[in-house]
Amino acid sequence: MRFKSSAVNFNLFAKLELHHLSFKPNNTALMTFSTLTQTLTSAPNTMAVADREDDHLCSESADTSASPPLNHESLFLVSSSNGYLTREARIERAWSHWKKLGEPKLIVAPMVDNSELPFRILCRNHGAEAAYTPMLHSRIFSENEKYRSQEFTTCKEDRPLFVQFCANDPDTLLEAARRVEAYCDYVDINLGCPQRIARRGNYGAFLMDKLPIVKSLVEKLSQNLTVPVSCKIRIFPELQDTLNYAKMLEDAGCSLLAVHGRTKEEKDGKKIRANWDAIKAVKKALGIPVLANGNIRDMDDVQNCLDYTGADGVLSAESLLENPDLFSASRKVDQGELVVEYLKLCEKYPVPWRMIRSHVHKMLGEWFRVHPHVREDFNKQSKLSFEFLYGMVKRLQDLGVMRPVYEGSCLETVSKDEHGVQA
């Protein structure tokens, strides 16, 4: 998972986590994002206004309710005479479930504020075969109805679906997981977040030196849910430590493991290559399905990763934000068309404006580099509207920026100025 969607929003959430939402037994204070921005923002500047407006839903009229509950088989509840299944039985049921889902190989990774419902559906429309929700805070999710309704939405087309939580308390995690198990195919535990907010909250990759807690989280879910539990991890510097960690998770009841081939210290995915050798070793050591995460920028990377690691699927994060068409075989979709498609999905499935602002910046990044004055106009908008965003895309298209995404390394059409003159 990545905290790259909005620096302002991340800083606010970090403050919230530190002062109000940390995993402390006696701390019950809760705040929504919009309440938070009003509390922490005092200076009456444009950015502060943008923060408050961006925390509002883009629409209030559309139906964002979850899809009807599915009747999952009780396969994933403990059913043996002594209360535990053999390793062979657990692996068999893990594969049975994975195969029922069609063994998806092209998967949208969990991204805070970025893998929300409209973006998941956009990626599914362009080749993605499964997706993760953004990381959800298990305690807040259990206690705060507004947080649940705004941060977790789904629909019947949104399957297969992993719902990811961060946690360090088994009972709290189970309470949150039970609220979503009818609407997903896996409940996923975030064991890979390397950010300072995870250190403060005592979750994510900072549980890698607290393995008894990790084991208790997995066991609690695997023994009490009707859907399987999956985990997403980072690797240790030493391969054997990674293998021991992965085997412990499998033994605790993890039915699918996603491995990010970087350590918790290796945060910059653009500068540090993921270790596919470690992922390959994990896949060889485990019996359950294993997904690979890291170095997935295009379909060539997808095939190379699958071939090299033997993984059962791949996750992509940052590259999908820039190119939601990454998993598509056509690779001929115009960036403006992708943005328009995304905006229409946001009108159907409302999300906070901050998410829309972030996605538009990512998807139109190359266009903005050619026409920075359009980006400046965009950044000046303290309150976004669909009318403005559709108009901005049309404005860019009129300027001649019509290159299909990732078709070559430079813009293929002639760029024009505002008066239609070739630049």
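1. A contact here means heavy atoms within 4.5 Å. Of the contacts in the protein with a separation of 6 or more, 71% are between residues 24 or more positions apart.

2. A word on the basis: this is a predicted model, in which local features need pLDDT of at least 70 and side-chain atom pairs count only at pLDDT 80 or more, while totals for chains, interfaces and linings use all residues. Residues are numbered from 1 along each chain as its sequence is written, and side-chain values use heavy atoms, with hydrogens and water left out.

3. The protein has 19 helices and 9 strands, taken as DSSP runs (helices H or I, at least four residues; strands E, at least two) and numbered from the N terminus.

4. Of the 423 residues, 57% are buried, that is, under 20% relative accessible area, with exposed over 50% and partly exposed in between (1.4 Å probe, protein chains only).

5. Do look at Glu175, which sits in helix H8 (residues 170-178). Glu175 counts as partly exposed because its relative accessibility is 42%. Its C-alpha lies 8.0 Å from that of Ser138, 37 residues away in sequence.

6. Where does Arg196 lie? Arg196 belongs to helix H9 (residues 196-201), and it counts as exposed because its relative accessibility is 57%.
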